[in-house]
Amino acid sequence: MSKSLRDDLLSLLALQAVDSQIEKAKATLAATDNGSAALGVYNTKKKEAEALRTLAIKAQSEQKDTELKLETIETKRKHEEKRLYSGSVTGSRELENLQKELDMLVRQKDAAEENVLLAMDAAAEAVSLAEIAEKEQLLQASRFKKVRAHYEARHKELTAEIESLKSPRIAAVAEVSSAELLTRYENIRGKKQGVGCAPVGSDDSCGACHTRINTQAADAGRRGESIVFCEHCGRILTPAH
């Protein structure tokens with residue numbers, strides 16, 4: 001026994017209910033933060049931390065260079081001082097030159113010590129900045145993992161929900177006997193945010209766009225004796241029950 005158009009329209013409304021559940025699940029999944037933004041921030045923090053660590057290593061290397069230079073000057077100063085007071089140098093001119101050399105080495109030592117202090121401060125600051133950046137990187141990594149874990153859980157849940165609705169949808173499609181009606185529904189649904197039909201409200205409004213339609217169209221949509229479209233949104237109008 002063939003179904004009446006009214007029955008087909010009611011079946012179409014039931015199909016729409018299933019499709020709306022599927023669309024809602026898909027929209028929720030699409031709106032769920034997948035962690036890409038957090039990953040972008042993490043990658044930026046990682047690059048910043050790596051750059052600052054490189055600068056810290058360079059600063060520490062420069063500190064060692066200044067310390068080595070100071071050590072070399074001090075070793076030479078002690079050597080020349082030992083010569084000066086050992087009695088091995090007796091000539092007045094040679095003693096005068098040796099004293100000048102010692103005076104120069106003392107000045108070089110003072111400058112080298114100042115450079116060491118500056119290098120130590122620079123290295124300490126560079127290391128501190130690198131450590132702060134590395135902590136921020138670790139914090140952002142933790143944030144990303146948390147967001148990603150939530151997304152994966154939601155993805156699994158919503159994907160399972162969408163999968164579970166496939167069989168009900170197939171069954172709902174089978175209930176619509178009119179291939180022409182079903183084709184129109186699918187075409188409209190594809191253009192109208194997943195909604196191809198809607199019931200006529202008690203106030204003569206379209207159940208999809210909620211706009212009042214003319215009384216004649218509303219009555220025809222309620223009766224379900226012909227295919228009627230909303231004059232505003234173009235969706236198929238159906239009986240409410």
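Which residues are linked with E74 in a network of salt bridges? In this predicted model, the network joins E74, R77, K78, E81, K109 and E113. Across the whole structure, a search finds 26 salt bridges.

E80 counts as buried, at 9% relative accessibility, whereas R83 is partly exposed at 28%. After α2 comes G87, whose phi is positive, near 90°.

Helix α1 (residues 5-31) has buried residues that include L9, L12, D19 and I22. The buried residues of α1 pack against α3, α4, α5, β1 and β3. A salt bridge joins D19 to R189, with the closest N and O atoms 3.5 Å apart. This pair links distant parts of the chain, as R189 lies in α5 and D19 in α1, 170 residues apart. Both partners count as buried: D19 has a relative accessibility of 2%, and R189 has 16%.

Helix α5 also holds E180 and R184, 4 residues apart, about one turn of the helix. Their side chains form a salt bridge of 3.2 Å, N to O. E180 is partly exposed, at 49% relative accessibility, and R184 is likewise partly exposed, at 31%.

Notes. Residues numbered from 1 in each chain as written. Predicted model: local features only at pLDDT ≥ 70, side-chain atom pairs only at ≥ 80, totals over all residues. Heavy atoms only, no water. Helix = DSSP H or I, 4+ residues; strand = E, 2+ residues; numbered from the N terminus. Buried < 20%, exposed > 50% of the residue type's maximum accessible area, 1.4 Å probe, protein only. Contact = heavy atoms within 4.5 Å. Salt bridge = Lys/Arg side-chain N within 4 Å of Asp/Glu carboxyl O.
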